[in-house]
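The following exercises concern the structure shown below. Each task is followed by a solution in steps.

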2 protein chains.
Amino acid sequence: MIMKNESYLRELLQEHGLKVTLARMKVLDVLVSSPVALSHSDITHRLEGQEIDKVTLYRTLGAFTEKKLTHKVASKDRNWLYALHIHENEPAVDHDHAHFVCDSCEKIYCLPVNTEEQTPVIPTPVNFIVTSREYRLHGMCPDCH
Amino acid sequence: MIMKNESYLRELLQEHGLKVTLARMKVLDVLVSSPVALSHSDITHRLEGQEIDKVTLYRTLGAFTEKKLTHKVASKDRNWLYALHIHENEPAVDHDHAHFVCDSCEKIYCLPVNTEEQTPVIPTPVNFIVTSREYRLHGMCPDCH
DNA sequence: CACTCTATGCAACTTGGTTGCATTAATGGG
DNA sequence: CCCATTAATGCAACCAAGTTGCATAGAGTG
């Protein structure tokens, strides 16, 4: 296995209260090398020959997300995609997220959100052509409070 | 079957270039009576005793959406939810959508989007408590243009 | 009324994801 | 350094959502 920086990966796991195991190291290695969010099957393909059990992968991604090492986004075709929380362009807060979905290659990029403003501002990312927008507010509806 | 307004439903189908069939009338009847977007299984449950084949329901919803009688939103658990395009609070344009997701009852409401502004504005809906926001921009990434 | 073409229903299948359980391995204490 | 404890792994079996192919039924047109 070609690990970019084994001790860095090990530290990342430990910092997030995760036991260091082979499966987790493999998955984390794939995630740190990707600028875009990846699905279960993306990761499986990138582990070609190094595959881990599919259930283990699901549970690994679940554990990463629970411990806030990663976060998940639903893709266009409604699978979960996972991306590290530590990429520099990642929003600091947990509750406001913005993503850019390329309608051609379907990659999903994380965008920064400026939450200082009253109404959060999403700066249009340079070199990205935006053709449509989706907004989704979460909270409680009148029936539930 | 208790149809709210059979000839109205029939007209709606015809206006959208859809043949009037029993299955479509049933599904449309369910959709016009719902202020929130519904999933395949929501609709199946509301057709209790009147059920149509699941494949037919998928194809009916597909046809409705293709003919712009409905539009679809991905739910929290990543199923497709369908809602009529004709509710008054529905955005006029096809490419900017906003929804409110209740984290308690998980209903999904359509919100109007003011696209007159440079940066689209989503007015906070009255009586809804917003705790987090998700934004998703669609278009072309630098790799693809 | 008959013809045509679309919509329907059924069976079989694919993909994403989960559960239960037995086995294996990581870590902390002695 | 080893052992015990507890958590992670792998496997099989399962579930739900959604799709495909095909034969049949039913709308709509002339």
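**Exercise 1. Determine how many helices and strands chain A has, and in which pattern they follow one another along the sequence.**

Solution. The model is a predicted one.
- Step 1: counting the elements of chain A gives four helices and six strands.
- Step 2: reading chain A along the sequence gives the pattern α-α-β-α-α-β-β-β-β-β.

**Exercise 2. Describe the burial, the contacts and the accessible surface of chain A.**

Solution. 
- Step 1: chain A has 145 residues, and 48% of them count as buried, the cut-off being a relative accessible area under 20%.
- Step 2: among the contacts in chain A with a separation of 6 or more, 42% are made by residues 24 or more positions apart.
- Step 3: the accessible surface of chain A is about 7,800 Å², and carbon and sulfur atoms hold 48% of that surface.

**Exercise 3. Locate A:Thr65 and identify the residues that A:Thr65 touches, not counting residues up to four places away in sequence.**

Solution. 
- Step 1: A:Thr65 belongs to helix H4 of chain A, which covers residues 54-66.
- Step 2: with residues up to four places away in sequence not counted, A:Thr65 touches A:Thr70, A:His71, A:Lys72 and A:Tyr82.
- Step 3: with A:Thr70 there is also a polar contact, side chain to side chain, at 2.9 Å.

**Exercise 4. Characterise the interface of chain A and chain B: what area is buried, and which strands of chain A supply at least two residues each?**

Solution. 
- Step 1: the contact involves 45 residues from chain A and 45 residues from chain B.
- Step 2: about 4,500 Å² is buried between chain A and chain B, with 55% given by carbon and sulfur atoms.
- Step 3: four elements of chain A, namely strand E2 (70-74), strand E4 (96-102), strand E5 (108-111) and strand E6 (129-140), each supply at least two residues of the side that touches chain B.
- Step 4: E6(A) gives the largest share of that side, with 12 residues.
- Step 5: by residue class, the side of chain A that touches chain B consists of 24 nonpolar, 12 polar and nine charged residues.
- Step 6: between chain A and chain B, five residue pairs are in polar contact, both residues being at pLDDT 80 or more.

**Exercise 5. State how many salt bridges the rule counts over all chains, and examine the pairs A:Arg10 with A:Glu6 and B:Arg10 with B:Glu6.**

Solution. 
- Step 1: the count over all chains is two salt bridges, under a cut-off of 4 Å between nitrogen and oxygen.
- Step 2: in chain A, the side chains of A:Arg10 and A:Glu6 form a salt bridge at 3.7 Å, N to O.
- Step 3: A:Arg10 and A:Glu6 are about one helical turn apart, because four residues separate their positions in helix H1 (residues 6-15) of chain A.
- Step 4: A:Arg10 has a relative accessibility of 33% and so counts as partly exposed; A:Glu6, with a relative accessible area of 42%, is likewise partly exposed.
- Step 5: in chain B, B:Arg10 and B:Glu6 form a salt bridge, with 3.6 Å between the closest N and O atoms.
- Step 6: both residues, B:Arg10 and B:Glu6, are in helix H1 (residues 6-15) of chain B, where four residues, about one turn of the helix, lie between their positions.
- Step 7: B:Arg10 is partly exposed at 32% relative accessibility, and B:Glu6 is partly exposed at 42%.

Key
Residues are numbered from 1 along each chain as its sequence is written. Chains are lettered from A and ligands numbered from 1 in the order in which they are written. This is a predicted model: local features need pLDDT of at least 70, side-chain atom pairs count only at pLDDT 80 or more; totals for chains, interfaces and linings use all residues. Side-chain values use heavy atoms; hydrogens and water are left out. Buried means under 20% relative accessible area, exposed over 50%, partly exposed in between (1.4 Å probe, protein chains only). Contact means heavy atoms within 4.5 Å. Accessible areas come from the Shrake-Rupley method with a 1.4 Å probe; for residues, only the protein chains shown count as cover. A polar contact is a pair of N or O atoms within 3.5 Å; within protein, one must be able to donate a hydrogen and the other to accept it, and residues adjacent in sequence count only if both atoms are side-chain atoms. Buried area is the accessible area (1.4 Å probe) that two parts lose on being put together, summed over both. Ala, Val, Leu, Ile, Met, Phe, Trp, Tyr, Cys and Pro count as nonpolar, Asp, Glu, Lys and Arg as charged, and the others, Gly among them, as polar.
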